[in-house]
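The sequence and the model come first.

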Amino acid sequence: MMSWALVKPRDLELYEGSYDQRRQRSLGQFEMWAASCVASCCAACACEACRSVVSGISRRSARIAYCGLFAMSLIVSWVLREVAAPLMEKIPWINHFHQTPNREWFETDAVLRVSLGNFLFFTILALIMIGVKDQKDPRDRLHHGGWMMKIVSWCLLVLFMFFIPNGIISFYETLSKFGSGLFLLVQVVLLLDFVHEWNDRWVKKDEQFWYIALFIASLTCYIATFCFSGLLFHFFNPSGHDCGLNTFFIVTNLIFVFVFAIVALHPMVNGSLLPASVLSLYCTYLCYSGLASEPREYECNGLHNHSKAISTGRLALGLFTTILSVVYSAVRAGSSTTLLSAPSSPHAGVENPLLPFSKMDEVEEKKEERNRPVTYSYTFFHVIFSLASMYSAMLLTGWSTSVGESGKLVDVGWPSVWVRVVTGWATAMLYIWSLVAPLIFPERDF
């Protein structure tokens, strides 16, 4: 009796019930213990894998790592947009409205908060890297290393964004509309760089086959441009409505298309049709993007009956082009033909691979890197990611406007329309300037 009295009530439960019940309880406890062991092992393996990945990021692969971090921010934004709304409704400093906003407002707010954290992360890095001219600078090591610290800092910044008031998020959303326009202009510069290099590569071959290929590529772009413009007239200038503004946007874009071809084919300019055709198609896409951003209740927006399907397609296409643009920015950062290069660097004209091809190359690089100047502007490199953070937030939220105290969400509106249309006009002017500038300033290198 004394031995049973010393048994704890929790242990006594093991002796109660039939043999099968006791056996089942023992198996249950064993399974819980095994599950905890497996979870611990998985966590340890994950930590070790993270350490291995972080330590394996070299100087050449650092730009790819930044692209991976940016892609991770898009994934986090997408996931939180789908699952974080119920939790955010319970946070008092976010949901302080007299009337609780709808679910769409919380989805938009979650994306903007992640985007703001991502924007601050890359903006801080851009400010830190101002004035880095050679690899002897200690900040060069920070740019290429310290990845565990960077990942932790990024996570803390994003988490901290969920503790700031809605007013700051509203201001950031307004700022993002204009930052997105700047990012679109950077896309144009990179697109021009790519198309001119593509054209020069085929022309240098000086073979009839490649000239025919250039003509076919240009003709394809022009056919797509005019077919696209016809669809714009069909959807955004419906019969029976006064849609003078939409007609003005479309006609202005077509005028730019003809001006591109005339200026590019002028004997004094010595241009090519391929860049003109590609820029014509891109400007037409920007025109469509602006028209599609018109309010759904606007009578001249013919897409309002297909808004869900169209918005999904635009979102997928926008995110795809954003990721391509950011990756291309990183890949082209070592080239002297882009904005990311440092013109004072003697190595700026050399295209460096992102990853070393052999260990000998890596050893040689380590010997020379102490006195080697940087091949691109680290500050501008991070600014690209800051602007891309704004642009991706606008894409994921549908260029939505902030809500007021009523909690009513205003959908895509006229500010978004004008940002995209004006960006298209700026794109056209920038391309025309790139053609005529060498004639106006022949002594300068363009």
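This is a predicted model: local features need pLDDT of at least 70, side-chain atom pairs count only at pLDDT 80 or more; totals for chains, interfaces and linings use all residues.

Residues are numbered from 1 along each chain as its sequence is written, and side-chain values use heavy atoms, with hydrogens and water left out.

**The second largest cavity**

A search of the whole structure finds four cavities of 30 Å³ or more. A cavity is here a set of points, on a 1 Å grid over the protein atoms alone, where a 1.4 Å probe fits but cannot get out, and its lining residues have an atom within 4 Å of a point. By class, the lining has seven nonpolar, two polar and no charged residues, where Ala, Val, Leu, Ile, Met, Phe, Trp, Tyr, Cys and Pro count as nonpolar, Asp, Glu, Lys and Arg as charged, and the others, Gly among them, as polar.

**Aromatic rings**

Rings of Phe, Tyr and Trp (its six-membered ring) pair if their centres lie within 6.5 Å, and planes under 30 degrees apart count as stacked, over 60 as edge-to-face and the rest as tilted.

| Pair | Centre to centre | Angle between planes | Type |
|---|---|---|---|
| Phe 248 and Trp 425 | 6.0 Å | 85° | edge-to-face |
| Phe 256 and Phe 260 | 6.4 Å | 25° | stacked |

Because Phe 248 lies in helix α11 and Trp 425 in helix α16, their pair ties together parts that are 177 residues apart in sequence. Phe 248 is partly exposed, with a relative accessible area of 43%, and Trp 425 is partly exposed as well, at 25%; buried means under 20% relative accessible area, exposed over 50%, and partly exposed in between (1.4 Å probe, protein chains only). Phe 256 and Phe 260, by contrast, both lie in helix α11, four residues apart, about one turn of the helix, and both are buried.

Elsewhere, ring pairs link Tyr 66, Phe 70, Phe 121, Phe 122, Trp 147, Phe 381 and Phe 385 into a cluster. Lys 150 lies over the face of Trp 147, at 4.3 Å from the ring centre, a charge sitting over a ring if NZ of Lys or CZ of Arg is within 6 Å of the ring centre and within 35 degrees of the ring normal.

**Buried residues**

Asn 118 is found in helix α6 (residues 103-128), and Ser 389 lies in helix α15 (residues 378-397). Asn 118 counts as buried at 1% relative accessibility, as does Ser 389 at 1%. Their side chains make a polar contact at 2.7 Å, meaning a pair of N or O atoms within 3.5 Å, of which, within protein, one must be able to donate a hydrogen and the other to accept it, while residues adjacent in sequence count only if both atoms are side-chain atoms.

Terms used: On a 1 Å grid over the protein atoms alone, a cavity is a set of points where a 1.4 Å probe fits but cannot get out, and a pocket is an open set with protein on both sides within 12 Å along at least five of seven lines; lining residues have an atom within 4 Å of a point. Grid points are joined across faces, edges and corners, and a volume is the space filled by probe spheres set on the points. Helices (H or I, at least four residues) and strands (E, at least two) are DSSP runs, numbered from the N terminus.
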